[in-house]
Amino acid sequence: MLKEVYFQIVEGFYGLLTDLNSKTEMKLFLNDFFTKTEKVMLAKRLAIALMVMKGYDTKIVVEILRVSSATVYHTKDWLETGKSGLKIGLKND
């Protein structure tokens with residue numbers, strides 16, 4: 001995919017998300033847009049990040065969320081190498 005086309009698609013998606021005016025609108029959109037499996041995957045990704053930020057041991061995260069240790073280590077790497085957007089999203093939890 002051309003870089004310019006990719007940029008336009010991504011920017012359009014960001015614009016759509018920021019145009020949603022309430023939690024209700026966001027829930028309606030996300031429930032229509034993502035499959036149940038995709039929502040679970042995204043929720044687990046956020047839960048992993050939150051648990052890592054709170055200092056949970058990798059083994060505990062793996063057992064509780066039923067994810068691979070590689071996924072937990074990948075998330076730890078995101079948090080340690082400047083993935084600030086993830087930190088911003090979870091800062092109030």
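In which helix do F29 and F33 both lie, and how many residues apart are they? Both lie in helix α2 (residues 23-33), four residues apart, which is about one turn of the helix.

## Basis of the description

The structure is a predicted model, in which local features need pLDDT of at least 70 and side-chain atom pairs count only at pLDDT 80 or more, while totals for chains, interfaces and linings use all residues. Residues are numbered from 1 along each chain as its sequence is written, and side-chain values use heavy atoms, with hydrogens and water left out.

Helices are DSSP runs of H or I with at least four residues, numbered from the N terminus.

## The aromatic cluster

The structure holds three aromatic pairs. Rings of Phe, Tyr and Trp (its six-membered ring) pair if their centres lie within 6.5 Å; planes under 30 degrees apart count as stacked, over 60 as edge-to-face and the rest as tilted. The ring centres of F29 and F33 are 5.1 Å apart and the ring planes stand at 20°, so this pair is stacked. F29 is buried, with a relative accessible area of 17%, whereas F33 is partly exposed at 45%. Here buried means under 20% relative accessible area, exposed means over 50%, and partly exposed lies in between (1.4 Å probe, protein chains only).

The rings of F33 and F34 also have their centres 5.1 Å apart, but their planes stand at 80°, so the pair is edge-to-face. F34 counts as partly exposed, at 21% relative accessibility. One aromatic cluster is formed by F13, F29, F33 and F34.

Two packed helices are described by the angle between their axes and the distance between the axes. In this description, axes are lines fitted to C-alpha atoms, for helices over the stretch in contact, and angles run from 0 to 180 degrees between N-to-C directions. Angles under 35 degrees count as roughly parallel, over 145 as roughly antiparallel, 65 to 115 as roughly perpendicular and the rest as oblique.

Helix α1 (residues 3-19) packs with α2 at an angle of about 140°, and their axes are 9 Å apart. The two helices are therefore oblique to each other. Their contact (heavy atoms within 4.5 Å) involves F13, L16, L17 and D19 of α1 together with E25, M26, F29 and F33 of α2. By class, the residues of this contact are six nonpolar, no polar and two charged. Ala, Val, Leu, Ile, Met, Phe, Trp, Tyr, Cys and Pro count as nonpolar, Asp, Glu, Lys and Arg as charged, and the others, Gly among them, as polar.

## Helix α3 and its partners

The axes of helix α3 (residues 36-53) and helix α5 (residues 69-80) come within 9 Å and cross at roughly 65°. α3 and α5 are therefore roughly perpendicular to each other. The crossing of α3 past α5 is right-handed; a crossing is left-handed if the near helix is turned anticlockwise from the far one by less than a right angle, and right-handed if clockwise. On the α3 side, R45, I48, A49, V52 and M53 take part, and they meet T71, V72, T75, K76, W78 and L79 in α5. The residues of this contact comprise seven nonpolar, two polar and two charged.

With α4, helix α3 packs at an angle of about 150°, the axes being 10 Å apart. That makes α3 roughly antiparallel to α4. α3 passes α4, too, in a right-handed crossing. K44, A47, I48 and M51 of α3 make the contact with V61, I64 and L65 of α4. This contact has six nonpolar, no polar and one charged residues.

## Individual residues

T58 is placed in helix α4 (residues 58-65). T58 is buried, with a relative accessible area of 8%. Apart from its neighbours within four places in sequence, T58 is in contact with S69, V72, Y73 and K76. R66 is in the loop between α4 and α5 and is exposed, with a relative accessible area of 72%. Most residues other than glycine have a negative phi. The phi of R66 is near 55°, a positive value in a residue other than glycine.

K27 lies in helix α2 and counts as partly exposed at 49% relative accessibility. The C-alpha atoms of K27 and K59 are separated by 32 Å, and the two residues are 32 residues apart along the chain.
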